[in-house]
Amino acid sequence: MAPDPAVTPAPEVICDSLAMTFGTGSDAVEAVAPTDLRLHPGTMTALVGPSGCGKSTLLRLIAGLEQPSEGRVSIDAQSPDTIRKHATLAVAFQDPSLLPWRTVRSNVALARRLARLPADPDKVDGLIAQVGLAGFEERRPAELSGGMRQRAAIARCLATDPTLLLLDEPFGAVDELTRRRLNFELPRLWDAGGVTGVLVTHSVHEAVLLADRVLVMSPRPGRIIADLPVTLPRPRGPDTQALPGFAALTGEIAAHLSSGSEDTARQAAE
Amino acid sequence: MDIATLSRRRLLQAGAATAGLGLLGRPALAATPVTFQLSWLQSVQFGGSYIAKSAGYWTDEGLDVALAPGGPNAPVEPPVVAGTALMGISAADYTAAAVANGAPFKILLVAMQKNPFTIASLPANPVNEPADLVGKRIGMATANTPVLKALCDINDVDINEIEIVPTQYDAAPLVAGQVDCLLCWLTDLPIAMTMQGVENVTMLMADYGYAVHSQTYIATEDSIANRRAELVALLKGEVAGWNDYLADPFAAAKLTVEMFPDAGLDIETQQLQAVAQVPLMFSQLTDENGFGWWTDETVAANIETLALLGRDVTPDLWDRTILEEVHGT
Amino acid sequence: MRQLPGLLLVLLLWEGAARLLAGSFLLAGPVDVTLYIAQNAELLGRALAVTLGEAALGYVIGNAVAILLAILVILLPRMEALIGAVALLVFCLPLVATGPILRVLWGPGIGPQVTLAALAVYYTTFVTLVVGLRAAPRSWFDLVDSYGRGPWTALVTVRLHAALPYLFAGLQIAAPAAFLGAMVGEFTGAERGMGVLAIRAMRALDVDATWALATLAAGVSILIYAALGALGTRLFPDRPALILATGGGSARGGPLPALGLALASVAAMAVIWWALMEGFALNSFFAKRPDDVWVFLVTAPEAAANRATLAAAFGETLRFTLPGYGLGLALGAGLAALFTLAPRFAGAALPVAIALRAIPIVTTAPLIVLALGRGAVGTVTIVAVMIFFPTLVACLQGMRQTPGQVLDVFDSYAAGRLSRLALAQIPAMLPAFFAAARMAVPAAILAVTVAEWLATGTGLGNLMALTASTSDYGMLWSATALVTLTAGLGYAAVALIEGVVLARMAPEQRR
């Protein structure tokens, strides 16, 4: 099911002085400070930071769901709007955002329809089984638990074989146990080399488990204060957490997070 | 001018000229409050009553009369039956219907000797007599079909030759050409058309044998038995008011407009209406016997027409004793 | 000021139509209307003050009753279905029948005007407020519970606050209805007011006056509606967009309990009917009791003929009500879809929609029938005009209810506007659409009976007016009962369909 990298290679994402300010005049709020960023093809990059630091905004800018106040995003030299039209991009949102009047199967199938791709029932059912929802194809979202809804949303997200995967706290509303399990299962769902990904999360554990690179953002206005590679071996599982490198990395990220907050507090006090 | 020397008539005119209301300012010390239910919105249709009120004819009789207006959704019979109004203005056919449905009404006075129902048409395609109705489209409430049927029966016209178009009660369907003629009152829609510059032809049904007393004053048997003095006083004022009206319909129109500044009345319309209803209300019969009078003959003619309308009534429906007391006969 | 071009367009079209129809006594253009208003400013000002005063008093009383009823329903949840059903039936009472009774009860003065205004507003406020009183999250009630406090504390500390934005939304919807109620009340015999002037103008073939009155009434209604809307937005910036979407009411619990509820509410209504008439000692000549109607329709020798007359009129009425109802709903929902696809168009067209709806039906019904004919087209149009605006507003709000993240999903695939509309916004609109469809049932029946009464001279509306003038009160009350029951049944039928559809399309609404 994985796309052939030769046919649809994972794209490179370049953010060039990308910045976002909401509102105007005295009401203006700077959500993302001017940011230069390059996401390497075929890698998963995690954005971590405190609540409200602008990491979700950054993701929405990359998806083209918001238009930046400054700078631009280019995905393999194309604009996000063009990429979205080619259906090679998929977003998983904080909220599962399933349509309540559709079954799990038809919610997943909807993605292909929206992306103007031919219907593929086998692929849809295969994805549903892969996220562990086999037997729940005909249920409606209201009949599922929060974790099951998140899985359905992820199945939907993968239904179009995206090469750019943008995950906005996809497990935000899930209990810790389920979340851990999904953290181990998730990477198996996409081909490590065929997809470029961005994962927004506030969980340091999750970032390290899933990503090839972790970017730490400061409180608002969000700016990248640390850029750390994750070299832990794949596939990663429960054992990964026992590796010494894991604890070191999570500790380092946590330190950056708290120093970022202190910096901001100091700036505010001055 | 010395007010004390003025005749009542002059006083009325002076009152009408200045303000028309409360001029006499007589404190109604022991005045008995009485409600008189009119059959439509305030207009010169009830001009005699306004004169009676503003000239103090009722105050003289010890009454404080409230003139309750009617309207499209204000039937007269319920307040009279309920006793919230001592007397109301109906018509012989409506009164007969109410009696058939159990209301204990009597007709005490006949204000319109001639029924005001009229066939109005435009000069280009006129209805001058019942025979002209053949082949015409007539706009009217379907409820009034018996009225048209009665007119046809009396004049040997086949009602099936007339196309009845249900319409609302206004002249627009005629002017807009949706119908050829209208069943309406002589005193409202034709005058509205005249005022708007639309020439029109009218045929009064009463001139073609349609004999139904209109603007009849009704009260319950119970009131006639137990509140007789008030009814006599009420009718005395009415008669005096309408006698003044006959003497000067324009003054009545003027008084009407002045008494009801919020009613949106137009003086010219009121004048036309005031004059138009005179021949319906006053006749040789009333000249000789007094306002509101009727005879056994007119009642017999009414009973005949009412029978054509499907209303079987007896002369008992009319009770002239109070009017006789008023006129001193 | 986004609506300025739309407004200008309306004025131009209006003036053009008036010029085209000059001499037909159908329509006066904005120029003549303005002239008439300027020349009769004092008279119109006094009339407006009178009618506004009546409407305001009725508005306050009607809404106060609605608030009390809603609180009662919250404190006695078991009585909710019954109270709701009876409140609906009272709301459905045809004003042709209630007007004269109110006049007898109140005597001269503004009593009937105020009462009809109150009756016109209380139901929408009641329904909206009951939703609002329930709108607080479960955890807030758990908090009250955890301190061992009862339903009263929950009401005062939680529900009333949570309900305020809803109440305000209900108050906004109710405002134009109060004005219409007061105007119709003046038909029962009033000395002054907009309704009095309107009757006079129509009879006098005075088109300028008729349209000046219609314009004033519409303008005032729009202003009040807009002012309350602006105030609401200021007071409750995050007030709920969806104010009409309540559960299917009587539809809950399947057809059998629904039948029981229907019977219980009809019985309750009959008892109230009987008790009111006895309590006020109303004369049975005009104030027929339920048993009188039974005799009239069932046991009297002429019962069969009476039933036949009633059935014939009923048939005529339904023939126009059903297509008008369908057309109004389709138009409302269709326009909402169009406005969602082309928001710029909405800015221009929404004022037209509001104006059409705010012009009082009592002045427009005869004119619409005159213009479009006495057949199906005229009456169907009146019904459609009466219900399309509330449907449009509800559907627009419903579409805005589509969760933002769902729209983000659609955006992330660069899905087109049409697929957004068809796959996300229309399904999300359904609860609001059904709420509007339910409320449109009494409105459609009101519209058709008023049109029949004032314009076409057919059907139940005409029968009721006619029987009032010929004192055939047995028939009048039979027709009244039939109209009320039909409205109630129509409402329940829509609620039943709603229950079935929403169970499929919006299961989260079912709680």
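A salt bridge, as the term is used in these legends, is a side-chain nitrogen of Lys or Arg within 4 Å of a carboxyl oxygen of Asp or Glu. The side chains of C:R46 and B:D262 meet this rule, with N to O at 2.4 Å.

The views come from a predicted model, in which local features need pLDDT of at least 70 and side-chain atom pairs count only at pLDDT 80 or more, while totals for chains, interfaces and linings use all residues. Residues are numbered from 1 along each chain as its sequence is written, chains are lettered from A and ligands numbered from 1 in the order in which they are written, and side-chain values use heavy atoms, with hydrogens and water left out.

**View 1. Chain B meets chain C through 51 residues of chain B and 45 residues of chain C.** Contact here means heavy atoms within 4.5 Å. The size of an interface is often given as the accessible area lost when the parts come together. For chain B and chain C the buried area is about 4,100 Å², and carbon and sulfur atoms give 60% of it.

View 2. Helices (H or I, at least four residues) and strands (E, at least two) are DSSP runs, numbered from the N terminus. Look to α4(B) for the largest share of this side, five residues. By class, this side of chain B divides into 32 nonpolar, 14 polar and five charged residues. (Ala, Val, Leu, Ile, Met, Phe, Trp, Tyr, Cys and Pro count as nonpolar, Asp, Glu, Lys and Arg as charged, and the others, Gly among them, as polar.)

**View 3. Within chain B, domain 1 (3–114 + 212–327) faces domain 2 (125–208).** These bounds come from an automatic or database domain assignment. The C-alpha centres of the two domains of chain B lie 27 Å apart, and the contact takes 15 residues from domain 1 and 14 residues from domain 2. About 1,200 Å² is buried between them, with carbon and sulfur atoms giving 78%. One salt bridge crosses this interface. B:D207 and B:K114 form a salt bridge through their side chains, with N to O at 3.0 Å. The count of residue pairs in polar contact between the domains is one. On the domain 1 side, β10 (214–220) and α12 (267–276) of chain B each give two or more residues, and α12(B) has the largest share, five residues.

**View 4. In chain A, a salt bridge joins A:D227 to A:R213.** Their closest N and O atoms are 2.9 Å apart. A:D227 lies in strand β9 (residues 224–229) and A:R213 in strand β8 (residues 213–217) of chain A, so the pair ties together parts that are 14 residues apart in sequence. A:D227 is partly exposed, with a relative accessible area of 41%, whereas A:R213 is buried at 12%. (Buried means under 20% relative accessible area, exposed over 50%, partly exposed in between, with a 1.4 Å probe and protein chains only.)

**View 5. In chain C, C:R46 pairs with C:E42 and C:R420 with C:D411.** C:R46 and C:E42 form a salt bridge at 3.7 Å, N to O. Both lie in helix α3 (residues 41–75) of chain C, four residues apart, about one turn of the helix. C:R46 is partly exposed at 32% relative accessible area, and C:E42 is exposed at 64%. The salt bridge of C:R420 and C:D411 has N to O at 3.2 Å; C:R420 is partly exposed at 22%, as is C:D411 at 23%. Shared partners join the salt bridges of B:D262, C:E42, C:R46 and C:R192 into one network.

Notes:
Buried area is the accessible area (1.4 Å probe) that two parts lose on being put together, summed over both. A polar contact is a pair of N or O atoms within 3.5 Å; within protein, one must be able to donate a hydrogen and the other to accept it, and residues adjacent in sequence count only if both atoms are side-chain atoms.
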